[in-house]
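Please report on one helix of this model and on its salt bridges. Keep it short.

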Amino acid sequence: MSKRSSPATLHQRRGHVGDLKRIETDRRHLTGPFVTQTPLDSDTSEPSDFPVLTVNRQGNTFWSDLKSWKWVVNPVSSFKLLAISIILYLNWELVTPSIAPGLSNPLRPFLFISYPLESDTGDVRYAKGYLDLVFIGYHIIFFSFVRQVIIIHACRPIAHYFGIKRQAKLERFGEQGYALVYFAVMGTWGYRIMKRLPTYWYRTEYFWIDYPHWDMKPELKRYYLVHMAYWCQQLIVLLLGLEKPRKDYLELVAHHIVTLWLIGWSYLINLTLIGNAVYMSMDIPDAFLSFSKLLNYMKFERAKFVSFVVFIGFWTYFRHYLNIVMLWSVWTEFDLIPCVPSVRALDHHIKSSTSEVSRVWAPPEGTWLAPWMKYQIFAPILLLQLLNLFWYYLIWRVAIRSITSTLTDDRSDDEDDDRANGIDEKDE
């Protein structure tokens with residue numbers, strides 16, 4: 001004979017169920033890059049001190065995922081958007097040739113760079129155009145997918161293995177793991193590209209000689225557009241509040257805007273050689289920064305100290321010395337731009353009153369560098385250097401404290417009680 005539960009027991013059980021339900025819907029438990037349903041699937045209106053992206057439920061259709069920005073934080077959603085484009089592209093390649101031979105694939109600009117130039121020498125080059133924006137847009141979604149996969153499926157298990165349990169530290173560990181992968185890959189790729197250019201190693205006179213550099217090697221163009229997609233995606237992450245803001249939040253936003261200014265403007269005005277040099281000076285030291293932070297979270301005391309010392313050396317050389325070298329080149333070598341008919345004007349028989357020189361404002365001929373453009377090029381690189389100096393001050397403050405107080409710091413991941421975080425949270 002079964003026993004009937006007393007009213008007190010039923011009330012207690014309902015209390016447990018209520019607690020579990022509250023945990024499942026509480027943003028404080030769900031917020032963060034390791035739970036992809038949050039904040040997109042969270043129905044609770046309970047306030048949270050962590051900024052989240054909230055959207056309405058619109059189903060799991062292609063358009064709902066795209067319009068709701070669900071793809072920014074949900075790797076399943078971003079994967080669907082990426083896969084649909086690939087499937088449609090392959091379907092077109094397999095079916096269309098038998099139906100309409102010679103018809104170009106409209107999905108190709110999503111996956112591959114556009115505007116190849118014909119050449120009799122076999123040296124394939126590419127121009128730029130509006131379809132480059134399609135490539136960038138697709139790869140913004142690509143980086144959203146890669147970011148979440150690395151954070152959720154790679155970094156979280158590693159963090160748990162090293163005993164990291166606090167949600168704030170788990171989030172930071174994942175962010176730095178993703179940053180390490182990206183900057184290590186892009187730094188290596190940028191070095192590979194520069195080694196094949198006349199600008200290796202920072203031979204700055206070739207930034208200007210033979211300008212305009214409007215026809216790009218395919219690898220250089222792909223590298224440029226991938227960089228643009230990454231920084232656009234990072235700006236989206238910042239503006240939507242998908243990462244907990246830090247004390248240098250405004251400086252980070254300014255840095256991202258200046259970086260996009262440099263990427264977009266240098267691409268538009270055919271200064272891709274100096275652009276490659278600027279990116280390398282940013283990516284390589286950032287890889288060492290992220291590596292040092294990961295060692296700090298994993299509590300490798302000696303290794304993180306050695307890594308931090310190496311990082312300071314790389315940061316000083318790349319972010320300051322080479323940055324100043326490039327500023328000096330803009331100021332003193334700008335006049336190396338040839339005062340002869342531009343190569344593009346000769347090749348395409350462009351006749352105009354401005355085709356006699358390359359140091360003019362003549363966009364149809366690919367020449368944008370009128371004398372006043374020297375200052376427009378100088379300004380964003382100088383702003384980048386000022387931001388670097390701000391972070392350089394923070395880096396040295398940590399270095400001094402690491403000597404005087406065994407690596408203590410007042411800027412931590414969770415400012416409530418993480419007061420001994422080791423390496424300063426200078427983030428980009």
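## Helix H9

Asn-270 comes after H9 and has a positive phi, near 65°. H9 itself covers residues 249–268, 20 residues in total. Helices here are DSSP runs (H or I, at least four residues), numbered from the N terminus. From first C-alpha to last, H9 reaches 28 Å, close to the 28 Å expected at 1.5 Å a residue. The expected span is 1.5 Å times one less than the number of residues.

Buried residues of H9 include Leu-252, His-255, His-256, Thr-259 and Tyr-267. Buried means under 20% relative accessible area, exposed over 50%, and partly exposed in between (1.4 Å probe, protein chains only). The buried residues of H9 pack against helices H6, H8, H10, H11 and H13. Contact means heavy atoms within 4.5 Å.

## Basis of the model

The model is predicted: local features need pLDDT of at least 70, side-chain atom pairs count only at pLDDT 80 or more, and totals for chains, interfaces and linings use all residues. Residues are numbered from 1 along each chain as its sequence is written, and side-chain values use heavy atoms, with hydrogens and water left out.

## Salt bridges

There are seven salt bridges, each a side-chain nitrogen of Lys or Arg within 4 Å of a carboxyl oxygen of Asp or Glu.

Arg-319 and Asp-286 meet in one of them, at 2.9 Å, N to O. Arg-319 lies in helix H11 and Asp-286 in helix H10, so the pair ties together parts 33 residues apart in sequence. Arg-319 is buried at 1% relative accessible area, and Asp-286 is buried at 2%.

Lys-304 pairs with Glu-301 at 3.2 Å. Both lie in helix H11, three residues apart. Lys-304 is buried at 5%, whereas Glu-301 is partly exposed at 42%.

Methods
Helix = DSSP H or I, 4+ residues; strand = E, 2+ residues; numbered from the N terminus.
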